Amino acid sequence: MIKKVFEISKWEFLEKVRTRAFILSLIITPALVILISIGGTFLSASQEESTKAIGILDSSMTFYPSLSKILENYKLSNGQPAYIVLNLFQPAEDLNQNMKSADNEVTGGILAGYLLLQIKDNDSINAEYRSKNAGNFKDVQRIENAIEEVRLRISLIQIGINPDLIKSAVKKINVSEITVKEGKEAQKSDFLTDFLSSIIFIMLLLMMIIYSGQMLVRSLVEEKSNRLIEILVSSCTPEELMAGKIIGLSALGLFQMLIWACIGMALAGSSMIPVSAFNNILIMLVYFVLGFLFYTALFVGIGSIVTTEQEAQQITSYLSLILVLPIAVSATAISNPDSVFVQVLSYIPLTIPAVMLLKINVVNVSTIEIMSTILIMIASIYITIFVASKIFRIGILSYGKKPGFKELISWIREK
Amino acid sequence: MLVVKHLTKKYKNVVAVNDLSFTVNEGKIFGLLGPNGAGKTTTIRTVLNIIKPTSGEISFFNRSISSDFFNQIGYLPEERGLYKKSRVNEVILYFAVLKNMPRSEAQKQSNYWLSKLELEKYRNNRIEELSRGNQQKVQFITSVIHNPRLLILDEPFSGFDPINQQIIRETILSFVNEGKLIILSTHLMDMAEKMCSDILLLNSGKEVCSGPLSQLKKNFGGNVVELGFEGNNELIKNLSYVKAIDNYNNYAEVQLADSIEPYIFLRDIAGKIKINHFRIIEPTLNKIFIDMIKQST
């Protein structure tokens, strides 16, 4: 019996590996990904390469001196200061006039952006970074850190602790913060590249799943329409046929990945792709394979009930939408990986692979979370294959109208 | 020997096959006939063990059918089609190894069949590059390459030119001599009539008639004469004992009442119209088919 499964998977693999579309996908997908990642590194590098002029509009003037000092401490890779900090506060004018002239300087391109600090009555601080282009993660992150540091220093003074003591105390915090950062920089990693490398993996997973899923459904529809499926299931059981198809397709996926990995390694060697993208490669591979298997089983089950190419396309595009969801929420997932929404998504089988691929490079994911999500995936793969095989058995022999939900349930129950 | 007993298959609210029993013997061609939607495909699928019957038993040489049975069966479905992008020899080998044939043996058989059906020069072509007839031949090979004991052929002649029809017909007849069991489902009544020794006629999932073809013909009111004539056929129609007339202008098949000897009919029309020929005929399978189906609906 194993022999038949082997023969089917071998056939499925060889049939598809030789198609022009597959050979093209081998080249086009990595080319696309490389383009994106080069674009990304280029983007983050170009932002880095020149000193930026940043303004601070702090009407209280309590934050400005310390803030500017901290920000001016950041250096570019060539040793030049990363920021020149300007004081935008003109005591002679009121706040609105101050803001107007500051805004003008930003739109005029004199300043990269400015920080608007307002201290409210209840001692809370309202901080805005106003710049021409939103979304400069790195600058905002640095400014946030600096404000946090200064605020801590000020509140210590308010409690009435000796300024010298404060200085050394604060300095200590400072030192440890910097070492963490330096440690990270030694790996040539930063937020943006982390984000990008995760996105690269998700996109690879996505493309592979969508591509092979479509291929699977299309070939099933073809086999159904010319009744080849009847010859097949009069030669082996539907379970063997399904297993053969899943294994063959997975082998195809692995082969595809192997080739992409080779391309990736070569490019990482020539530093076109950030090396950090390969930091968690093993665990990512696990999610990759699990995700692929899960979706393949899903596609087999669903693919067996459609009769026409059109229906097939409809269904594959719905499934692809679910796959894209994690990318849509990726920004949230990264800036706030502990939010309830992301937590929930990271325990739903449909989104586990993508969300975990995203999280694993950006935040420290606990071993428990990794183990539990992997277990969930394995369990859902098992269940999906079981249910899919029940549907497959009957679906491949029914033509015409798509079965309703009730009918599907009766198929699953049928012995 | 394939024995089907009280086979019934119900779908949600349709009874596709209703209490069907029949036996297929070695070295015989069994004709499974019936109009479209009569339940032939469902019957075939249950015999193939693709679908499970609601009730009834199917046994093959005294063993009930199971997945062990797969490798002894060959199936040519009515709707044809193969992997279009794949190469002829590879497709044949794939189906052969799926029937548990060792690859080397499969290759030997593939060579044999490709040369027998004059497809040798196409062995490395893609299926889609072949003419329709040649594609059909490849599919025929895939259904017989593993030397099955039971062969189920659904419209095996469709899409073939007369020369190829003859090749396929001779091949099927050679299987009969080898003692294979063959189920033939077709709408070509003249072909079925010449090839099948037993018949099962189905309509709406039920048996209409079954048995050895010779017996069937005898039972089916054989009092029919074939008449070539010139003149007015009104005369024939008006004879009281003429039960039915199948008229083609100057040719007619006339069915007489059972009690009337054909010579009485000849005597009654002689001299009144010009008779070119007169022959007592058995009913064709075509006629049996049409009349029986009409009667049963």
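**Entry 1: a helix pair in chain A.** I began with the residues that join H10(A) to H15(A). From H10(A), I listed Ile283(A), Val286(A), Leu290(A), Leu293(A), Phe294(A), Ala297(A), Leu298(A), Val300(A) and Gly301(A). In H15(A) they meet Ile370(A), Ile374(A), Met377(A), Ser380(A), Ile381(A), Thr384(A), Ile385(A), Val387(A), Ala388(A), Ile391(A) and Phe392(A). I note that this is a predicted model.

I then looked up the geometry of the pair. H10 of chain A covers residues 281–303 and H15 of chain A covers residues 367–395. The two helices pack at an angle of about 20 degrees, and their axes are 8 Å apart. I recorded the crossing of H10(A) and H15(A) as left-handed.

**Entry 2: Leu408(A).** Ile391(A), listed above on the H15(A) side, came up again when I looked at Leu408(A), which touches Ile391(A) and Pro403(A) once residues up to four places away in sequence are left out. I located Leu408(A) in helix H16 of chain A, residues 405–413. I also checked Leu408(A) against Ile394(A): the two are 14 residues apart in sequence, and their C-alpha atoms are 9.4 Å apart in space.

Is Leu408(A) buried, partly exposed or exposed? I found 18 C-beta neighbours inside 10 Å, so Leu408(A) counts as partly exposed. A buried residue would need 20 or more.

**Entry 3: contact between chains A and B.** I counted the residues on each side: 19 come from chain B and 15 from chain A. On the side of chain B that touches chain A, the elements giving two or more residues are strand E6 (73–76) and helix H2 (88–98) of chain B. H2(B) supplies the largest share of that side, four residues.

**Entry 4: confidence in chain A.** I looked up a mean pLDDT of 78 for chain A, with 80% of its residues reaching 70 or more.

Notes. Residues are numbered from 1 along each chain as its sequence is written. Chains are lettered from A and ligands numbered from 1 in the order in which they are written. This is a predicted model: local features need pLDDT of at least 70, side-chain atom pairs count only at pLDDT 80 or more; totals for chains, interfaces and linings use all residues. pLDDT is the predictor's confidence in each residue, from 0 to 100. Axes are lines fitted to C-alpha atoms, for helices over the stretch in contact, and angles run from 0 to 180 degrees between N-to-C directions. A crossing is left-handed if the near helix is turned anticlockwise from the far one by less than a right angle, and right-handed if clockwise. Two residues are in contact if their C-beta atoms, placed from the backbone, lie within 7 Å. A residue is buried if 20 or more other C-beta atoms lie within 10 Å of its own, exposed if 12 or fewer, and partly exposed in between; C-beta atoms are placed from the backbone.
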